[in-house]
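Reader: I am new to this structure and would like to learn how to read it. Could you take me through its features one at a time?

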Amino acid sequence: MELKDFSYARTILEQYPPERRFLLAILQDIQKHYNYIPRPILEMLRDYLDVPLSKLYSVATFYKALSLKPKGRYVIKVCDGTACHLKSSQSIIDEIKKVLKIVPGSTTGDGKFSLETVNCLGSCAVSPVMVINDRFYGRVTPSRVREILEEYGRLENEQTWK
Ligand code: FES
């Protein structure tokens, strides 16, 4: 995965007063920009908010939306809530595992895709459901999974996908 310049983190921090109540908001902004919470930025945050590193780690590990490990450029979230589970979300997860050779909670070696399972995404009527970054897919089938993933591969090769 491409190493980003951590200096932008300073700009993120300075958008907030150095008060502990902004901790989560800052972490969310960092996650959004870097796609994870890099250790050097946690150290910056420790100094900025005067919060022990252990506290920062416990917050960063508590919230599922935050990650201490770099995530893929495309984060695949497969819903495994009750409605999706009953509509065979496991077959979707199995297909992604087979195609990308990763398990939920991990990232492909080239840093392209991460796979996560989540609870209800609020669209049970079109279950099973998955989301890739901000793009939503309903009534997904294992064969559709293959098409969707191939589409991402093609789009990236054509460099038309951000
Ligand atoms: S259980 Fe999957 S969208 Fe509701």
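**Reading the core and the domains**

Author: Let us begin with a single residue in this predicted model: leaving aside residues up to four places away in sequence, Ile 76 touches Ile 96, Phe 113, Ser 114, Leu 115, Glu 116, Met 130 and Ile 132.

Reader: Which residues touch the most other members of the largest nonpolar core?

Author: A nonpolar core is a set of buried nonpolar residues joined to one another. Here the largest such core has 15 residues, and those touching the most other members are Ile 76, Val 78, Ile 92, Ile 96 and Met 130. At least two residues of this core come from each of strand 1 (74-79), helix 6 (89-100) and strand 3 (113-118). Another core, of 12 residues, lies apart from it, and includes Ala 9, Tyr 36, Leu 45 and Leu 49.

Reader: Into which domains is the chain divided?

Author: The division gives domain 1, covering 8-62, and domain 2, covering 74-157. Taken over C-alpha atoms, the centres of domain 1 and domain 2 are separated by 29 Å.

Reader: In what order do the elements of the chain run from the N terminus?

Author: The chain has seven helices and five strands, and from the N terminus on their order is α-α-α-α-β-α-α-β-β-β-β-α.

Reader: How many residues of the chain count as buried, and what share of the contacts join residues at least 24 apart?

Author: The chain has 162 residues, of which 22% count as buried. Among contacts between residues at least 6 apart in sequence, 62% join residues at least 24 apart. Along the principal axes, the C-alpha atoms fill a box of roughly 50 × 35 × 25 Å.

Terms used: Residues numbered from 1 in each chain as written. Predicted model: local features only at pLDDT ≥ 70, side-chain atom pairs only at ≥ 80, totals over all residues. Helix = DSSP H or I, 4+ residues; strand = E, 2+ residues; numbered from the N terminus. Buried ≥ 20, exposed ≤ 12 C-beta atoms within 10 Å, placed from the backbone. Contact = placed C-beta atoms within 7 Å. Core = buried A, V, L, I, M, F, W, Y, C linked by C-beta atoms within 7 Å. Domains from an automatic or database assignment.
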